[in-house]
Structure formats: C-alpha cells, structure tokens
Amino acid sequence: MKGLRVLYHIVRADFCERFRRYNVLIIIGLTIFITTLYLPPEGVGRLSFNVGGFRGIYNSAWVGATVTVLTVIFMSLPGFYLVKNAISRDEYTGVGQIIATTSLSKFQYIFGKVISNWVFLAATAGVAMISSMGIQLIRGEALKISLSGYLLPYFLLTLPMMVLVAAVAVLFESIRWLRGGFGNVVFFFLFLMSYWMMAALSFVALPTTTSSGSPSIPFIPEPTGALEVFRSISTAGMELIPGYQGGLDLGNPFQEYGHISTFVWNGIVWRVPSILGRLLWVGIAVGIASLAASFFDRFDPSSLAMYVRSKETRPRCELDSQVTRPSSEKLTSITLSTTASRGNRMSVYFHIVGSELRLMLKGRRWWWYSVALGLVSIALILPPSQSRQIVFPLVCVWPLLIWSQLGNREIQNRTDQLVFSAAFSQKRQFIATWTAGFILALLVGSGVIIRLILASDWIVILSVVVAAAFIPAAALILGTWSGGPKLFEVVYLLLWTLGPMNQMMAALGFPLVTDQFLAFDYIGSSDAAISEGMPLYYAVFTIILLVLAFIGRKRQLQV
Amino acid sequence: MELIIDSVSKKYGTGIWGVRDFSVSLKPGIVGLVGPNGAGKTTLMRILATITKPTSGKIIFTGIDLLKEPNQIRELLGYLPQDFGIYPNLNAVEFLEYLAAVKGLDKRSASQRIDELLHVVNLSEVRKHLLGSYSGGMKQRIGIAQALLTDPRLLIVDEPTVGLDPEERIRFRNLLSDLSGDRIVIFSTHIVSDVEASATRIVVIRKGRLLIDAMPEELLREVEGKVWEWIVPSEDLPSIKQRYTIGGTVRHLDGVEVRIISANKPDGDARLIPPRLEDAYLHLIAEKGKGKTP
C-alpha cells in the first residue's frame, strides 16, 4: 500500500506540474488542428486516409480511428520531448537529492516516472479524442456517437503506444549521455526510422488482392498499431469498393484531390491475437522501465562527474584544498588597483564574438572536431554539385547541439542575471551571439564554400551564406522564446529532414518523398529551389526571425 | 553620488507585492539591507540591478533615471545575484573574460583586472581549472570577482557570503570595506552579523516595506539598556521564549544562558549587557511585528 501511495504522489505531482503549462494547450490544439485537416468537410477536395480514392463516412469508427492514428504517429514525437524532463527536473530543482535519501527504490521511482509520463500523454490524447467527437458532429455525416468507435482504438492503440513513449523517455533520461541534446537527436532519428519502417511494412501487411473470404495477413509487430487500422480499412475497401486493388494512401491534407467518394467503415473487429499483440507493447514498456531503473544513478553527483567533458574529474574538495589559505595578516589588507577601461564599439563587438565562439566550442570532444574537419575535407575533394547537395546538408546539422544553445544558454546555465545586468547586453551580446553562430556555420561549411568559389558558382554561394545566416537566427528565436534548446532541436531536425536531407537522399539516388518539400530546402541544395527563389525568401525570413528573436530577448531581459 | 529610491513598488502577476512603496536615499558607504526571508530584499536588488522593472516608482542614481536609461546605470553597476550559474566548460579566466567582453571592457585592461581580481578572491592558483570542478564557495568567489570587473560605482551584492568559509567571509567583508569609500555598496543579507562591522547604514525591509533606515549606532541606541543575560533551568526555556524576544541561548552545565531583549529586568539574576546589532534588529522586527517585547 505504501508503494502505491508513493507512486500516486509521484504521478500526481508530475501531472499537476505539467498540465499547468501552456505547451500542453499547444500540443492539444495542434492534434485537433491536424485531425480537422484530416477530416475535411464534404465537398472540399482535400483528402484524408483513403483507399483507392474512397474515404469512410465520418462516423465514430472513422473519426475515432483517424484521431487515434494521428495521435500515435504524430503525438509520439512531441510527446516524447514534452515528457523527457521528469528526472532532469528533479535533478535541476534539487528535489532529486531529497528523493535519493528516502527509502524509495530505484524501480519505484522510475516506474512512477513512467506512469506519470503515461498519464500525462494519455490525458493529452484523451482531450484530443473528446474534441474529435465534436468534429464528427460538426461534419454531420453520421450523427450517432458510438463510444466504442472512440474508446476501443484509444485503449488498444493509443494507450500502449503512449506507455511505450513514456518508458523510452525515462530510459533516455536514465542514461546520462542520452539525457541532453544528443538524446533528443537520437530519438528523432529513431522516430524517423520507425516511421519509414512502418511505411515499408504497410506494403507487406496490407492485403493486395481480393479473395473470397478474409485475406491472409501476416502478423507484424509494430508499436503504433496504425497498421491494424490500415489493414481493417483496406480489407473493408476490398469488399465494398469496386475495382480497388489494395494499398492505402495516408493522404495529404494540403493537396486538392477532386471528387471524393465515400464508403461505410464500421471499425476494427478486435480479436484476441490482435489485443494480445497490443498488450505485448505494454510488456515491452515495463521491460524498458526495468532497464531504465538499472541505469538510473539515483542522483549520485559522482556519476555526473564522469560526464564532465574535461580531463578534470577530481573531487571538488580536492580542488578547494589546492588553494593556499591567506595568512590572517593578508585578510586585512586587500586592495584593487587596476581599473578596466571600456573599449570602442567595434573592438567590444569582436571581443564578444570571439568569446561567444569560444563558449560555443569549449568542451567539444576531439571527435566533434574530427567530423567537422572531415566535412571540410570531403567538400574540397568532391565535385561542387555533390559538395553542395551531399556535404552541405551534413554541415547544416553537425553543429546542431551548439546552435540549439543560442538564446537560451543564459537561462540554462543560470547566468542570465550576470549577463543581462551588463550594459547594452541586448544589442551587443545578442548580435554577437548570432554572428558567432553564423561564423560557426561558415567554418564548418568552409570546404563547401571554397569548392563553390573555385567553381565560381556565385548564386549557390549566396544560398549557402543565407543558410548559414538562417540557422542561427532560427536557433535564436526558438531559444529565446522557449527558454530551452529542445524546441529548436526538434523543429530544426524536422525542417532539415523535409528539406536538405530530402534533397540529399535524392542526390544519393533515393527517391524524393515529395516535391512539395522544396519550400523547406532552406539551403538551396537543388537547382529547383534556387530557381524558385528560396534563398531570397529565406534571407527575408532570416531578418524577420532576427527581429522576433530580438523582441524575445528584450522580454527575457525585463521581468 | 546618491542613489534615490522613490516610492518603488513591484507587484507580481499573482497579485503579490514584492516591494511596496519603498523610499530611501543612499550615499557612498556600505548599506546593509536586512530583512527576514521573503521580505523583498532580492526583488529590490533585482530592480536596482535593472533585471526587474518596478510596477511604479522612480530610481535615480547620480542623476540618471534607472527606468529611462538602464544601460547608463548598467555601465556603473556591479551585481552579484543571490543565485547564479556558471559555464562549466570554461575556466575562471575564460569566464571572467567572457563577462568582461559582455560588459564592454577593453580586452587588455580587462586581462589585468581579472588577474588582480582572481588574486583578491584567492583563486589564482586554480585559474586554469574548469568551473565545473569548482566547489560552491569557489563559484561564489567567481561571482564576487565578476561583480567587480567594471570597477562599479554601485555595487549590489545579494547574500554574498552564502557558501563562504569563515576566513573568506572576513576577506570579503574587508574587501567591501576597502571598496566602499567612493561608491555605494548595497549588501543584502538576513544574517545581521555579516554587516555589523562594516555597514555605515542599515536598511530594514519587511513584507516589502521599509521598516527603518538608520545608522547602526541609532539602532543600537534603541536597545541600549534592554539586553539581558542570565542562566535559567532548561525546563523554563519554553516559557521564557513565549514571553520575551530571545537574542541567543548557550547551554551550560547548570542550565541555559539566555540573552533576551526586554525593557524591564526579566529576573533578579539577570544582568544588563551591551547590545549588538542583531539585538536591535530582533527588537525592531518584534516591535513592529507582533509587539512582543514587553
């Protein structure tokens, strides 16, 4: 009973802390917005999930399934980043040190954190689900609300997926080197890979030919459970839509599809193996939680010392004892004679830029520099087009964890009061920070730039310079307004994946996901992006971002 | 040189007043800003350090309006916050060089100043060690050094002795005394003994309001002839605590030696002793609070 009480209080405290934050409203709002996009009104030629150009009428089964699939796919990513602060918050606030001295076991604590993450994600998804009932009524194609249409996918798809996300978030926090920005990047690519894997699996998992009776479908373990929905829709489509040969389109709510036909889909018929398949993921989540508990260091500061990126891991008391104590005579005779004078505006500016660059690069390990040097060297060797299309996208992501500190470093390190009480820090330090981020992009991209200069490809050079200016501007605005590095890390990686990486994959011979993502090609890696004037758009966008970031910094300065 | 704080108030979004209608005029010297925890000391410090904007009121330093010209004030300001962080991957010199740059100092003269400051705060020997490996007290000393980088005319130090060992506390107080000749040093603390020896003025704040602004001698005069000391049996201590403002207790073999503040002789055995600033502070807080001193 005592254990349950402890769990209850951990969950309650975390839940209250999180649900009172405004970003919960943003996530719920976004999920509802995306759901609305995927459920366009009748007569509008935009399409949601469809099989052979048909969609289901908006009954509870279809709306419930749509919101569930969108939740398990799209909420997993922001949801992970939202809850990946349960342990680090306890460490930052010092509450962890108090918890460490209690009789609470590592497993109890970790399990409590997984449950609190889960409850939070489940509640957020629950709000989105309840809102979608409203969308069903507004669309008015089927006015009867069937609770099973909403609750079954919520319980069998959403909840197992959310418990998995909750456990993975705690695992990432329990492993020191995954706790920070690196872990954020790792999860992003894990998510991306699983998304691609699911898309690939759907070709295998979906029935492709009409057969008499139920098609034979292989069991494929997949955490979101979205394939269950797709399979059921596809199977229904084969029975009801003449000429439909199988397959499912996830749809593109921004694209006009013309006339839309409908059919009636009454939801998934849940069978025991499918239910057990879903419960399997809850078991896996428990396994991940146990693994996390074994990694969890119980807030032992000595384990943190192992990750201090320096040759100096000696205990603090030892360092303290190195300092020679002044004699009692010296205690009474202290004077300051030198006076530092103020420099002129330009020398001060360059002084801050240099200091900012040092601050950015200090503490980076040898391998970080090795890769950066490798990017410079490879860019010099490759032909200009490959240097631009293959190396420059990598240049634009390698210093991600450095850029992500821009605009929030002072808050994160609690040096804000020291820095912001300095004269003209808003102008001086803000502009210098952006300049340092810009110089960093140019330095890591210097191989590409030199290669392009040698090829006299001036327009492409301009697009490279715009990209180098855009990235720190984006980092600054997201850093100043969010007060942390996470938002930039996620949003930028998403932008990078849809833009430069998409183009890079195409240059390497992989197909483009879609041409529509040309707008996200902020580095102008394709000729099409340059001819569409993307560098110019992004140059203007950069200025707007800088102005908004400047306002954000002003807001940080005055409470 | 004068710092005029005129009817300054700060109301937070929650409707709570951090500082309310606070007025005081300060001249060069060490001003001890004293008050219980949550009295509004840090809010006032942050307002003076241009970190927080007041809801109303006016602050003028050497003729410059702090609200209108914060950057001019910042040029003259040194600030040590109560709670601050460091960049763990920089060493002491790099960290101070960074802040010197942000404060707009010339590189060469800043370098000399940093050398001297590191010597003064007794960190010269570990100047090349990363700040991440520093103890709490060492970080506090780095904070003190950065506050003095610009040779400030207005030095604001918020609970600066937290984390310092006794030797460093004395060293720091001496440094402030040395500096205070031609500048205003505002030393915020809830430990009265920190400012007892060095403060030229004592400003007491309570619940965001100014309780008193006086010379230490004036405060001491208030409790002259009111501080008593005698030994009582341990079991009598609770009832004495109920009746009097206690200035301190020391356990002896034959009971507990109590130090109380009272206008009347509390006991036949009680003897009158010279007051300390802490007695005056306790008396003031009690009198303006619940009116406990009989």
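Here are some questions and answers about this predicted model.

User: What is the strand order of the open sheet of six strands in chain B?
Analyst: Happy to walk through it. The pairing in this sheet is mixed, and the twist averages 15 degrees from one strand to the next. Read across, the order in chain B is β6-β7-β8-β3-β9-β10.

User: Which strands of chain B stand at the edges of that sheet?
Analyst: Look for strands with a single partner, because one side of each is then left without a neighbour in the sheet. That applies to residues 77-80 and 209-214 of chain B, which are β6 and β10.

User: In β10(B), which residue is the bridge partner of B:Val204?
Analyst: Strand β9 of chain B covers residues 201-206. Five bridges join β9 to β10(B), and the two run antiparallel. Within β10(B), the bridge partner of B:Val204 is B:Ile212.

User: For residues 210-214 of chain A, how many contacts beyond four places in sequence does the model have?
Analyst: Chain A averages a pLDDT of 84, with 86% of the residues scoring at least 70. Over residues 309-313 of chain A pLDDT stays under 50, and the model has 11 such contacts beyond four places in sequence. Where pLDDT is low, the predicted coordinates should not be read in detail. Residues 210-214 of chain A also stay under 50, and their count of contacts beyond four places in sequence is one.

Note on methods:
Residues are numbered from 1 along each chain as its sequence is written. Chains are lettered from A and ligands numbered from 1 in the order in which they are written. This is a predicted model: local features need pLDDT of at least 70, side-chain atom pairs count only at pLDDT 80 or more; totals for chains, interfaces and linings use all residues. Two strands pair if DSSP finds at least two bridges between them. Helices (H or I, at least four residues) and strands (E, at least two) are DSSP runs, numbered from the N terminus. Axes are lines fitted to C-alpha atoms, for helices over the stretch in contact, and angles run from 0 to 180 degrees between N-to-C directions. pLDDT is the predictor's confidence in each residue, from 0 to 100. Two residues are in contact if their C-beta atoms, placed from the backbone, lie within 7 Å.
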